[in-house]
Structure formats: C-alpha cells, structure tokens
Amino acid sequence: MPAKKPAQWNEEVDVVVLGTGGAAFVSAILAADQGAKVLMLEKTHQVGGTTAFSGGIPWIPMNRYMKEAGIDDSREAAIAFIKRLTLGKEPDSKLIDVFVDNGHVMIDYLHENTPLRFEMPEGYSEYYAHLPEALHKGTRSMDPVPFDLNTVGEWGPLVRQNPVFPPLTLAEGGAVGGIDFAKLGERMENNIVTMGRSLIGALLKGALDRGIDIKVSTPGTELVLDDDGKVIGVVAENADGEKIFIGARKGVVLASGGYEWNQELIKTFLKGPITHPMSPPGNDGDGLIMAMEAGAALGNMSEAWYYPTMQDPTFEYEDHVMNQTGGGRFGPNSIIVNKYGKRFVHEGTTYNDMPRATFEFDAAKLEYPNEGPVWMVFDQQLKDKTMIITMMPGEEAPEWVDQASSLRELAEKIGVDADGLEASVARWNDHCDKGEDPDFHRGTTHFENILGGGGNAEANLGKIEKGPFYAVPVYAGALGTNGGPRINEKGEVMSLRGKAIDGLYAAGNAAMSILGPVYPSAGGTIGPGMTMGYIIGKEVGSKAAREI
C-alpha cells in the first residue's frame, strides 16, 4: 500500500525519477533544465537499464538526421503508417499525434543541449517497407554515434553492458558490410562505446553536467501519498537496506521498466507466457505495482515486446543463462515446428509479430499447440553459412545442439512427432522447388531479408535436405512488457476515475505503450519512451513546488 507522509523526510527534492533508462534520463534532464532539483533512483548497481542493454536505437519520425541524409518524411505519412500497424488497438489515438509531433523536437533538444548524437544507418531500412504506407527509402531509426565513456569518469564502469554486443554501430556490427576487427579492438582499448551504452553514456554525461543526483542500489518501494491522494514522495531502500523517505515537491516519474521478470504479473495480465525474458534481470514491475497501489488505471496490459528467444546454456549473465536473439530463422534451409512437427508460422516475420502465433488455441484439442518451446529445424547448409546463437559456421556443433543423421531420429531426440516433422519438411521442400510458400508466405515480407531489399524466394526459401540435421529450441521471450499505468498527453498517470493523479508520471516500459501492440521498426520502444520522458520533464520540472 502507499505510504503516508513521514514525520520528517530523509531528503527533499523537486522531482524523483525511478529508473535510469532512456526515458528516465530524458525526463530528468528536461526537469533539471526547468530549474528543478532532480534525484534519480536506480534499483540495481548499474545504470542504463534495458536501454543500455539494447541497441539504443530510437525510432523517431521526421528527425533531423533523416533530413540531413535526404530521407523524406512527413507528419501525415508517419501517423498513417503507425495507424496502419495498430489497426485501432492503440490505447489512445491522440497520443500517436503527441508522439509524432514531439519526437523530433525532443531529438533537436538533446542534440543542442547534451552530447548525444546519432547518424542514419546506411543500408538499413524499415521493418515493414513492403507495406504501401511504409517509408520506402531509408529509415526513421537512428544509430547512436560512438561515445567516449571516459568522459563520465567513475560512472563509466557502472553503465550496463550487453555482453553480446561489440563496440560497433548498427552498420559496423555486421548488419551492413561486415565487422572491422581493427576498429573493434581500438574501441575496446580506448573505452569507446556504441549502441545502448553510447545512448546512455551521452545522457548520463548530460545529467552529471547538470548536477543531477543519481543513487544506484536504491530501489523505490512505495509511493508516498498525502491525505488528498496526491503523490508527494517515495519510500526507497538505500544500499544498506535501510528505509528512506524522499519528498518530491513537484512529482515522481515512474520510468523503471516493465514486469517481464515477474511471473505472477505475467500470468495475471499477458495472453501467454514469457519464459525467457531478454532484458536485464530486475524488471519486476515495481513501478506498475506502485502505480496500481495509488489507484492508477491501466492500459495495453495484454501486450509485450515479444521475441523468439534462443539459448546457449553455457553463456550466463548475472547468474542467469542469457536469453539471446539466435539466428537462422529468416533464411533458407530452416523451418520452425511445434510438438506435432508442424509448421505454424511465417518464420521470418518481425520478432514482435512471429511469437503471436504461439498464442493460438485449438478448440478441439483444448490446448495451445504452439506454446514454447518450439523448434527451429535446419540442415548442414544453413549451419555452414550462418551464425546460430553462438555457434559459428565451420565449427563443430556443440553438445547442447541436437543433431541426427535423419529427420526421424532428430524428431525422437527433441520429442516431436516424427511423422509430422518428416511430412512438414517434405512439404516445405516441395514449396522450395516451386519457388513459393503458399502456407505462410515466406519470401514476401521485407523484414526477413531487410539488408537485401526484402524477402524473396532465392533469399528465404531453401530445402532442408543435407544431413546431418539440427534442432534448437525457440522459447517465449520478450524485450520487455509494454503495458502499464494509463497516461495522458502530459505523461500524467490517470486514475480509475479518469482524472490525473497529482504528482505521478510514467514513461517507457513502466507506462502503457503509446503505440499499443506494434513495434514499427528498430527502436520502436526507445523512441516513444524518450519522447514521453521529454514531455514529462518539461511538465513536472516547470510546475510550482508544493508544500509537502
């Protein structure tokens, strides 16, 4: 339950921000620039949250870097595209306009007032470029330029790192043109970072330059409400486990991530399981729980940023086997099958779309036949040319990869129906011979061959015929959840009665997604989160201080 006002605050500030991801830092910087005294509280011992762990690529229509690169965009085109994807499932259509109108302004502000810089990733395009409403030249996704982490001093080692991502930009990291290993070594030696670490490093520098106080290992646990239901502070635990009361004269911003590591909340709200979250451990829905205790209305709660996840069981991160993006499902010589050995999905659609097929319910058998794990089955041809999880082409298959000389033997090893698998592969191979996939339309969407100009039969259809045959499990994963407190155009959290809760704001994965169930392209979560952080920071920072 929310806490009551203490006899005395341990500390008083104007604005308390829970979290240190992209939305959190932008809100803190903007609030400070309105003259507010800001305190950021981070639950873990590192800063950056899911944003630092990610590619750090915001998706922002009409941004300045697009214009510099000669990529045409317009307000009307961006809104039409987003609404084509949401199909009316967005929580509040007005917030789509708010995002499109303010996102590029936010980027301009950060460009002019912080060290944060981006570039357009050459050769990269939008995920849904095959749709008539989509952007057909270039992308709205911005790639953070390399950042010198030495400039933040002792904070540098505290910026969270994804151990899979090398210090290369989106284009440099092999997405376009291969990896420059000399550049990689030079950056590692000189502490130059890219992607999510670059984004957070630059925002961290902006926050430190403003004197914003940041406390790590200090989770917020409860909101403090006055007798009128106004949010006037938070209860937190310091690094010694002691309870501290922090007053917020202007407001509290929830930007502490989603709830993908909280199985109880997942079972309560989502339409299917997330067994293998891909964000850093610790996104347990703290902000969501605090908002519910304060009487918040909720929005978009049945959705998440889904991802079909794979694992190398020998690769650990923070005492967990790390859930990874995998590889191979886009190209030829592979299919994904359920426990009956049957294909059930277009394997090469976007990572947010493909897992939706796992929610299908069989009303005759009264089961979810595609519930994970499902299996990516492939042959030696794919293994010889594609990196799959951590398995490199040309290397011996590790012990954790199931393999067999025949499909029937492979099916028995992985526990799927052998007759079904053999029939599925035979049907797939027949489709490959004919150059089309009438079952699920492989080779027709842009994302499945995003770096080669879009899906086509040559790039995406290939027979599974050369043994040995392999299989790796594909799990129900997510980059994060995207449901949370319902917010208005100012980022204020709304009550169950439809009124703003005085002093409470939410952004990023700690709030309902502005875009509802859709992930429009790379950075489809970071862009809207940072934009709402910008709006919130201006709003809460400029408010009159309250007596607390």
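The model is predicted, so local features need pLDDT of at least 70, side-chain atom pairs count only at pLDDT 80 or more, and totals for chains, interfaces and linings use all residues. Residues are numbered from 1 along each chain as its sequence is written, and side-chain values use heavy atoms, with hydrogens and water left out.

**Exercise 1.** Find how many aromatic pairs the whole structure has, then work through Tyr65 and Phe118.

*Solution.* Start with the rule: rings of Phe, Tyr and Trp (its six-membered ring) pair if their centres lie within 6.5 Å; planes under 30 degrees apart are stacked, over 60 edge-to-face, and the rest tilted. Searching the whole structure turns up 17 aromatic pairs. Now take Tyr65 and Phe118: their centres are 5.8 Å apart and the planes make 75 degrees, so the pair is edge-to-face.

Helices (H or I, at least four residues) and strands (E, at least two) are DSSP runs, numbered from the N terminus. Tyr65 belongs to helix α3 (residues 64-68) and Phe118 to strand β4 (residues 118-119), 53 residues apart, and the pair links distant parts of the chain.

Last, check accessibility. Buried means under 20% relative accessible area, exposed over 50%, and partly exposed in between (1.4 Å probe, protein chains only). Tyr65 has 6%, so it is buried, and Phe118 is buried with 6% too.

**Exercise 2.** Which residues do ring pairs link into a cluster, and which ring does the charged end of Lys365 sit over?

*Solution.* The cluster is made of Tyr127, Trp305, Tyr307, Phe330, Tyr351, Phe447 and Tyr519. For the charge, the test is NZ of Lys or CZ of Arg within 6 Å of the ring centre and within 35 degrees of the ring normal. Lys365 has its charged end over the ring of Tyr340, 4.0 Å from the centre.

**Exercise 3.** Is Ile389, with its positive phi, buried or exposed?

*Solution.* Phi of Ile389 is about 55 degrees, although the residue is not a glycine. Ile389 sits in the loop between α11 (380-385) and β18 (402-404). Its relative accessibility is 5%, so Ile389 counts as buried.
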